[in-house]
Amino acid sequence: MAQKGTDTVKRGMAEMQKGGVIMDVVNAEQAKIAEEAGATAVMALERVPSDIRKAGGVARMADPTIVEQVQNAVTIPVMAKARIGHIVEARVLESMKVDYIDESEVLTPADDVYHIDKKTFTVPFVCGCRDLGEAARRIGEGAAMLRTKGEPGTGNIVEAVRHMRLVNSQVRKVLSMSPDEIMVFAKELGAPYEILLQIKEAGRLPVVNFAAGGVATPADAALMMELGADGVFVGSGIFKSENPAKFARAIVEATTYYQDYERIAELSKGLGHPMKGIDIGTLLPADRMQDRGK
Amino acid sequence: MTVKIGVLALQGAVSEHVKSLRASGADAAEVKHTDDLEDLDGLVLPGGESTTMRRLMDKYELFDAIKSFAERKPVFGTCAGLILMAQKIEGRTGPHLGILDIDVKRNAYGRQVDSFEADLTIKHVSDHYDGVFIRAPYIKSVGPEVEILSTYEDHIVACRQGRFLTCAFHPELTDDLSLHRYFVHLVEESI
């Protein structure tokens, strides 16, 4: 008998994305450009994060028409975002057979206490994390893939770097600890003890962890791979650039060949101006997306 | 003598294959550049996104290098790797490497919510094998030189043609090493 929606199938889908770039797109045309450039998946959205920032107000799940058009335009996997805690948006996206749901802080949270119980879904979920506590709680809820939260729509890599470094250093700490020490560390992190034990046993996180939130150049993508990311999400960077197709190809190649610096130099030439970007220190507390959903 | 097998490392489940190959008694190395192919006895094309891999293969001359490698040496393709090897792909004009006489359908079982695990029988390999199918293709038909190794619900999901081995599922996502061992053995016999 075939079994659908198992952990192996959900986590395995994310393993297939490794070393790849997942690109935000807002229509079928952008989705085709992304696929053509070598994206391993696209994230179908109504607006990219930098436009969500500009627009203000409440950001919700995309119009299903957009998701459908993107699904019809490409053969690579299509992901879509649901608001944190919005069980029904997630069920709607599942019914549309999106390949992955991002329970995302980029949208305005629907629940300021609880995340979705993701184990009850057949479709896999990706969630953001800033430290191992958040990472382990999301895995405990059933997330099959993680990404750094970073600070979306800023074109500033500093927060993604902070989150990737912190998660990885905390994983290394767990690996060096005995079970009794792990119990106390779990308490400090607010992490499920069993998940930390699984990390200790496997020697790594049980799911892949991508970089997201602020990747604006090919060198940014390569930096995140250097720091141990399994792959990269690029949001506003690509289709806000002057030549999206060229920019998208450059990010894909920089992610695969992240230690090939001559190649990165070559493909970074003539890309035009990247996103202007935002200094994180100038963001008002209410505008910090990463603080949403803990 | 220990054989050395490369894993195409442009994108996808590379580390899993490397781990499984090593556990199966082979040396394993990642292949990102044409000169990485030089001292290899065999090659694995892993699961991932075939369109992404193809684009990167074209860009840095790996495509021709792998094609000529396959004229002499064994290749094992899983899922996306199967697509890269096939001579005919439904809905696409022309093959990628086109080294295996099979006709395949991409994303044949539907989208991710239709991905599944199923118990398989694989000829010469195992009576109970946990087949992990993720947005998997299947093989619609095979040429006369191809030996069918496994079927699932009337569709071919694993086969061999001489030095070429392929499957629609992901052996790299399970702890069962039997299929990797079978390929390592195939490589050993080829030298």
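How much area is buried between chain B and chain A, and what percentage of that area do carbon and sulfur atoms give? The model is predicted, and in it the two chains bury about 3,200 Å² between them. Carbon and sulfur atoms give 52% of that area.

Start by selecting both sides of the interface. On chain B, 36 residues are in contact with chain A, and on chain A the contacts involve 42 residues.

Next, show the charged side chains. The rule finds seven salt bridges across the interface of chain B and chain A. One of these salt bridges joins B:Arg111 to A:Asp99; select the two side chains and the distance from N to O is 3.9 Å.

With both residues at pLDDT 80 or more, 24 residue pairs are in polar contact between chain B and chain A.

Now colour chain B by secondary structure.

Finish at β7(B). Select with it strand β1 of chain A, residues 3-4: two bridges join these strands, which run antiparallel. To find one pair, pick A:Gln3; its bridge partner in β7(B) is B:Glu117.

How values were computed. Residues are numbered from 1 along each chain as its sequence is written. Chains are lettered from A and ligands numbered from 1 in the order in which they are written. This is a predicted model: local features need pLDDT of at least 70, side-chain atom pairs count only at pLDDT 80 or more; totals for chains, interfaces and linings use all residues. Side-chain values use heavy atoms; hydrogens and water are left out. Contact means heavy atoms within 4.5 Å. Buried area is the accessible area (1.4 Å probe) that two parts lose on being put together, summed over both. A salt bridge is a side-chain nitrogen of Lys or Arg within 4 Å of a carboxyl oxygen of Asp or Glu. A polar contact is a pair of N or O atoms within 3.5 Å; within protein, one must be able to donate a hydrogen and the other to accept it, and residues adjacent in sequence count only if both atoms are side-chain atoms. Two strands pair if DSSP finds at least two bridges between them. Helices (H or I, at least four residues) and strands (E, at least two) are DSSP runs, numbered from the N terminus.
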